[in-house]
Amino acid sequence: CGRKGRGSGVERSCGCVRAARPRRERFVVRASKVFEWEYEDGEATGSEASELVKGLASKLQTETPLFGLLNKLFSPAGVSGELTYQEFSRALYDNVSSQFHISCENLEKRFGDIAGVRGCIFCLWLACYGTGVVKEEAMAESCSKLRQNEDLSYFIELFEYQKDEAKDLRAKKGVEAPRVTQENKIRVAIDNMLSLMNLDAIDGETQIDFYEILWCCFPSSEPSFVKNLISTHPKAVRQV
């Protein structure tokens, strides 16, 4: 087919069995930029929260299909603290390292097409904007059903509906939103990914790929903190 593997420069034929991409040695550097969704309640300052938005605006100015996003970026209200799936996907896709894509490809090879970048970003998006709003069981169920029918557009709309309904109900009851931490979001993301891939256990190789994906999404977290959340998960296979 002459298709080039992402970042490899090596052509693969359609009949070839794709081997897992080799892992590269990496020097872990504490992230200087924090994604908007990483901030906990009331934590972001105006200048910090707008840093990613400014970067996105610079990158997207010439891309006409994204006028809706650009209008939001340049409006006084900005992105109102939440991104749609498409906006979230673009923000993550354009700012993460190649290791994120490699790990998504590794999961896709082992667990099917939907376990690749689209499915992983969906799991992360739900965790970032659904934690503390939508029931965790409902998010995990959506990820599980996505694996079965792969109708991503339907589950994006379903989540938006569930989120709006939950917020409306909370407002009617006068209930304050719970405090949601970065740890809460990462834990939910892990459970979502497990449901998407129908995993009963997280083996060592999968733990590494989960870590690469989660740390790229939450780069302000200490790497050891993210690794610990994965390795201490009830379904994680203990490493000798």
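## Exercises on aromatic pairs

The protein chain has 10 helices and 2 strands (DSSP runs, H or I of at least four residues for helices and E of at least two for strands, numbered from the N terminus). This is a predicted model, where local features need pLDDT of at least 70, side-chain atom pairs count only at pLDDT 80 or more, and totals for chains, interfaces and linings use all residues. Residues are numbered from 1 along each chain as its sequence is written, and side-chain values use heavy atoms, leaving out hydrogens and water.

**Exercise 1.** Find how Phe88 and Tyr129 are arranged.

*Solution.*
- Start with the rule: rings of Phe, Tyr and Trp (its six-membered ring) pair if their centres lie within 6.5 Å; planes under 30 degrees apart are stacked, over 60 edge-to-face, the rest tilted.
- By this rule there are 9 aromatic pairs.
- For Phe88 and Tyr129, the centres are 6.1 Å apart and the planes 80 degrees, giving an edge-to-face pair.
- Now place them: Phe88 sits in helix H3 (residues 85–95) and Tyr129 in helix H5 (residues 117–130), 41 residues apart.
- Phe88 and Tyr129 are both buried (under 20% relative accessible area, with a 1.4 Å probe and protein chains only).

**Exercise 2.** Explain why the pair of Trp125 and Phe159 is edge-to-face.

*Solution.*
- The ring centres of Trp125 and Phe159 are 4.9 Å apart and the planes stand at 65 degrees, so this pair is edge-to-face.
- Trp125 belongs to helix H5 and Phe159 to helix H7 (residues 152–173), so the pair ties together parts 34 residues apart in sequence.
- Trp125 counts as buried, at 1% relative accessibility.
- Phe159 also counts as buried, at 1%.

How values were computed: Buried means under 20% relative accessible area, exposed over 50%, partly exposed in between (1.4 Å probe, protein chains only).
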